[in-house]
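Here is a short report on a predicted model. It looks at open spaces first, then at a pair of helices.

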Amino acid sequence: ADILGELHSHTTFSDGKQSIAEMAEAARAKGYRYWNVSDHSIGLGVTQGVDAAGLAAQRAEIDRLNARYAADGRDFRLLLGTEVEVLADGSLGLPDEVLAGLDVVVASIHTGLRQDRETITERCLRAVRNPHVDLLGHPTGRLIGRREGSEIDLERVLRACAETGTVVEINANPERLDLSGPYARRAVELGCKIAINCDAHNSDQL
């Protein structure tokens with residue numbers, strides 16, 4: 001009952017399997033009050049990414065759906081965000097002026113996970129310190145049974161998140177569970193805010 005919504009999710013605008021409207025209805029059916037559309041940005045080469053024009057199209061659809069919910073008296077609101085790719089040098093897949101117009105920006109590392117500890121840590125810290133980044137997604141990038149997490153210095157990263165107010169994700173996708181339990185507890189000890197998200201790519205994953 002404490003889970004009122006989610007901030008990391010995907011639709012057919014990137015690699016999700018269902019439309020914004022379909023995913024919104026699934027979220028509403030769970031009793032959620034809000035749901036953030038955060039499709040992958042351009043910059044992630046392995047999947048279709050959303051650019052500024054795509055975000056504008058998403059905004060128009062979200063505004064239309066929110067107007068309908070309000071007219072029907074439904075206590076539910078869609079947010080527009082992105083899962084912006086943290087590039088190899090720590091810059092982001094979308095420019096600051098685009099990120100500034102979004103409701104929630106999730107920054108994630110998907111590639112270059114075998115960079116040495118110092119390089120990938122500094123890369124992540126640069127993203128965390130960007131004033132437009134609200135949430136750090138699946139911090140180690142692990143896929144359980146398939147890929148080890150990066151060598152990132154989570155202590156330094158979590159301390160930076162606490163300092164900047166960047167929310168730290170517990171990615172509840174069963175393939176990720178990232179942050180792990182010990183580091184999730186450490187994040188709380190350091191004063192980080194936590195978001196629990198399913199990283200859903202279809203309604204069954206919510």
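## The largest pocket

Five nonpolar, nine polar and seven charged residues make up the lining of the largest pocket. That lining comprises 21 residues. Nearest the centre of the largest pocket lie Asp15, His110, Leu143, Arg176 and His201. The volume of this pocket is about 390 Å³.

Rolled over the atoms, a probe the size of a water molecule shows where empty space is left.

## The second largest pocket

The second largest pocket holds about 200 Å³ of space. It is lined by 14 residues. Closest to the centre of this pocket are Thr140, Gly149, Ser150, Leu154 and Tyr183. By class, its lining has five nonpolar, four polar and five charged residues.

## Two packed helices

Now to the helices. H4 covers residues 117-128, and H5 covers residues 154-164. They pack with their axes 10 Å apart. The angle between H4 and H5 is about 10°. Angles under 35 degrees count as roughly parallel, so H4 and H5 are roughly parallel to each other.

Which residues of H4 and H5 make the contact? On H4 they are Glu118, Thr121, Glu122, Cys124, Leu125 and Val128. On H5 they are Arg156, Val157, Ala160, Cys161 and Thr164. By class, the contact of H4 with H5 has six nonpolar, two polar and three charged residues.

Methods: Residues numbered from 1 in each chain as written. Predicted model: local features only at pLDDT ≥ 70, side-chain atom pairs only at ≥ 80, totals over all residues. Heavy atoms only, no water. 1 Å grid on protein atoms, 1.4 Å probe; cavity = no way out; pocket = protein on both sides within 12 Å on 5 of 7 lines; lining within 4 Å. Points joined across faces, edges and corners; volume = space filled by probe spheres on them. Nonpolar A, V, L, I, M, F, W, Y, C, P; charged D, E, K, R; others polar. Axes fitted to C-alpha atoms, helices over the stretch in contact; angles between N-to-C directions. Helix = DSSP H or I, 4+ residues; strand = E, 2+ residues; numbered from the N terminus. Parallel < 35°, antiparallel > 145°, perpendicular 65-115°, else oblique. Contact = heavy atoms within 4.5 Å.
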